Every structure is written in structure tokens, then in C-alpha cells.
Amino acid sequence: MLVLSLKKNFITNSYATGNIQGDSKVGGLVGYGEDDSSITDSNSYSTVSGNTKVGAVVGEYWHYGTDLELNNVGVLDTNLPMVGYYYN
């Protein structure tokens, strides 16, 4: 995981590798994100596993007014949703 918590910020031109395991809020790049965040030109070359709120890119995201922007984001594990849990 590249970032544990992302709030009103951005990630660009980044990548993460390895085996990411956890219980909840587990993501290939971000564990937990909030309003007004974006991820651009980034990749997760990780295998991601957990019990709840598991996503290939973001484990959990809370939307308070501005959607999460995912632009040109690639993932290794296509069996997972991009965002494990999206609260709107």
C-alpha cells in the first residue's frame, strides 16, 4: 500500500508492488480516502487481500461532495473492484 489515508489530496505517477494483506480498508494504493481526492497515472502491481472493504486501488472511500477521480490507473488484480467500499 502506498498511502494509508488520502484526504483532499492527490497521487500521481506512482506505483506500489508486493503482497498487501489486512483486515479492513485494504487497497492496492490507498487504504482509506475521502472527499476531493484523485489518483492519476498510477499502478498497483500488488496482490491485495483482506476481510472487508478490499479494493484493487482503494479500500474505502467516503464521498461528501466530490467524487474520487481515477485517471489512467492500472491494476494487477482484476478480480477486485477498483474501490472496495464507496460511501455516498
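**Salt bridges**

Guide: In this predicted model, Glu34 and Lys7 form a salt bridge, with the closest N and O atoms 3.6 Å apart.

Visitor: Which strands hold Glu34 and Lys7?
Guide: Glu34 lies in strand β5 (residues 30-34) and Lys7 in strand β1 (residues 3-7), so the pair ties together parts that are 27 residues apart in sequence.

Visitor: And is Glu34 buried or exposed?
Guide: Glu34 is buried, its relative accessible area being 14%. Lys7, by contrast, is exposed, at 52%.

Visitor: How many salt bridges does a search of the whole structure find?
Guide: The search finds three salt bridges.

Visitor: Moving on, what does Lys25 form a salt bridge with?
Guide: The partner of Lys25 is Glu60, and their closest N and O atoms are 3.6 Å apart. Lys25 belongs to strand β4 (residues 24-27) and Glu60 to strand β8 (residues 58-62), so this pair ties together parts that are 35 residues apart in sequence.

Visitor: Glu60: buried or exposed?
Guide: Glu60 is buried, with a relative accessible area of 2%. Lys25 is partly exposed, at 36%.

Visitor: Which side chain does Lys53 meet in a salt bridge?
Guide: Lys53 meets Glu60, with an N to O distance of 3.7 Å. Lys53 itself counts as partly exposed, at 29% relative accessibility.

Terms used. Residues are numbered from 1 along each chain as its sequence is written. This is a predicted model: local features need pLDDT of at least 70, side-chain atom pairs count only at pLDDT 80 or more; totals for chains, interfaces and linings use all residues. Side-chain values use heavy atoms; hydrogens and water are left out. A salt bridge is a side-chain nitrogen of Lys or Arg within 4 Å of a carboxyl oxygen of Asp or Glu. Helices (H or I, at least four residues) and strands (E, at least two) are DSSP runs, numbered from the N terminus. Buried means under 20% relative accessible area, exposed over 50%, partly exposed in between (1.4 Å probe, protein chains only).
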